[in-house]
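Here's a quick look through one model, starting with a helix, moving on to the sheet and ending with some aromatic rings. Have the sequence and structure open as you read.

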Amino acid sequence: MIRTRICDLLGIEHPIVLGGMATGTSAPLVAAVSNAGGFGTIGLGLRNEEEVPGIIDDIRERTEKPFGVNFLLFRFEEAAFAAALAAKPPVVAFAWPRADQDLRSLFDRAHEAGAKVMFQAGEVADLKRAAEAGADVIVVQGTEGGGHVGWMATLPLLPMAVDAVAPVPVLAAGGIADGRGLAAALALGGEGVLLGTRFLATEESPIHPNFKEAIVASDGHDTLLTEIPDIVLETVWPGAMSRALRNDFIERWAGKEWALRQHQAAAFEKVQAAGKSGDAAEGRLLIGQDAGLIHDIPPAGELVRRIAAEAEEILAKRLPSFLQAG
């Protein structure tokens, strides 16, 4: 069995973490990942303070295992954060801070509530800033990932981050969907992996079944970095682009972002309707390049165990076979 410092720190069996995607996580998915020995995280970035206690209670009714809550710092809501701390989750995760935010004060409040602090970013400077502010776990996110990402790929970024924030343990995110990705992350100095797109294509994922099938159908080459999904929501993410499926919605506005701003209201209504009906051609589907590695829609717990077993097989058998005595 693979065991890293992340397993000991978070109290889990496998160093596999569910990313706290705002619209891609739910209590059933979080609990399924945690019950299988991984670490589930619920995205609270779009939730208000009235919703937070019930969401955390729902998770606790489904699992006795550790889990985390995730907040987007650039759109930070104090009341929702306070409500989460009052519920005393094992881990509080953060991502996408503004340059002027005081990370240490937020991290200290989480620690005072008895929680570990996890922080995700796609640039080494941001990761160092978080480590110096007291983060217990650093997540380095490569541009291959789905949703909001930076510009550097996971392969060079991960070892750079490991060197920069040592001895704080680092998780790798972006472009990872199976045991090969976990084994590679460990080889590069990581202590585990955080997955988003791969967990969207599971039975417990809250996205529409048609969107799950679109992930399976994707070859990964049909994703791109774009501002279109954010323009339609009238949202500006600091320093980020969105990696999304290049479907009809994206194709219609690619190169015409100026026109989309003029017709934002109508485009928004169409995207919202597509999300409800499961129209994958017209929906806002944020997925990573690792969609090309996804070929099924399994139960999330089965996926956790599969990834762990694949990585263990690689580390125990395939890689040692390359070494020769003498």
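## A helix and its surroundings

In H2, the buried residues are Ala27, Leu29, Val30, Ala31, Ala32, Val33 and Ser34; buried means under 20% relative accessible area, exposed over 50% and partly exposed in between, with a 1.4 Å probe and protein chains only. This is a predicted model, where local features need pLDDT of at least 70 and side-chain atom pairs count only at pLDDT 80 or more, while totals for chains, interfaces and linings use all residues. Residues are numbered from 1 along each chain as its sequence is written, and side-chain values use heavy atoms, with hydrogens and water left out.

Helices (H or I, at least four residues) and strands (E, at least two) are DSSP runs, numbered from the N terminus. Helix H2 covers residues 27-35, and seven of its nine residues are buried, so the rest of the structure largely encloses it. What do the buried residues of H2 pack against? They pack against strands E1 (16-18), E2 (40-43) and E3 (67-72), plus helices H3 (52-62), H9 (197-200) and H15 (300-318), with contact meaning heavy atoms within 4.5 Å. Just after H2, glycine 37 takes a positive phi of about 100°.

## The sheet

Eight strands make an open sheet with parallel pairing, in the order E1-E9-E8-E6-E5-E4-E3-E2; two strands pair if DSSP finds at least two bridges between them. E1 and E2 stand at the edges with a single partner strand each, so one side of each has no neighbour in the sheet. From one strand to the next, the twist averages 25°. Axes here are lines fitted to C-alpha atoms, for helices over the stretch in contact, and angles run from 0 to 180 degrees between N-to-C directions.

| Helix | Strands touched | Direction angle |
|---|---|---|
| H2 | E1, E2 and E3 | about 160° with E2 |
| H3 | E2 and E3 | about 155° with E3 |

Inside the sheet, four bridges join E6 (residues 137-141) to E8 (residues 170-173), and the two run parallel. Valine 140 has alanine 172 in E8 as its bridge partner.

## Aromatic rings

Rings of Phe, Tyr and Trp (its six-membered ring) pair if their centres lie within 6.5 Å; planes under 30 degrees apart count as stacked, over 60 as edge-to-face and the rest as tilted. That rule gives seven aromatic pairs. In one of them, phenylalanine 71 and phenylalanine 81 have ring centres 5.5 Å apart and planes at 90°, so the pair is edge-to-face. Phenylalanine 71 sits in strand E3 and phenylalanine 81 in helix H4 (residues 78-86), ten residues apart. Phenylalanine 71 is buried at 3% relative accessibility, and phenylalanine 81 is buried at 0%.
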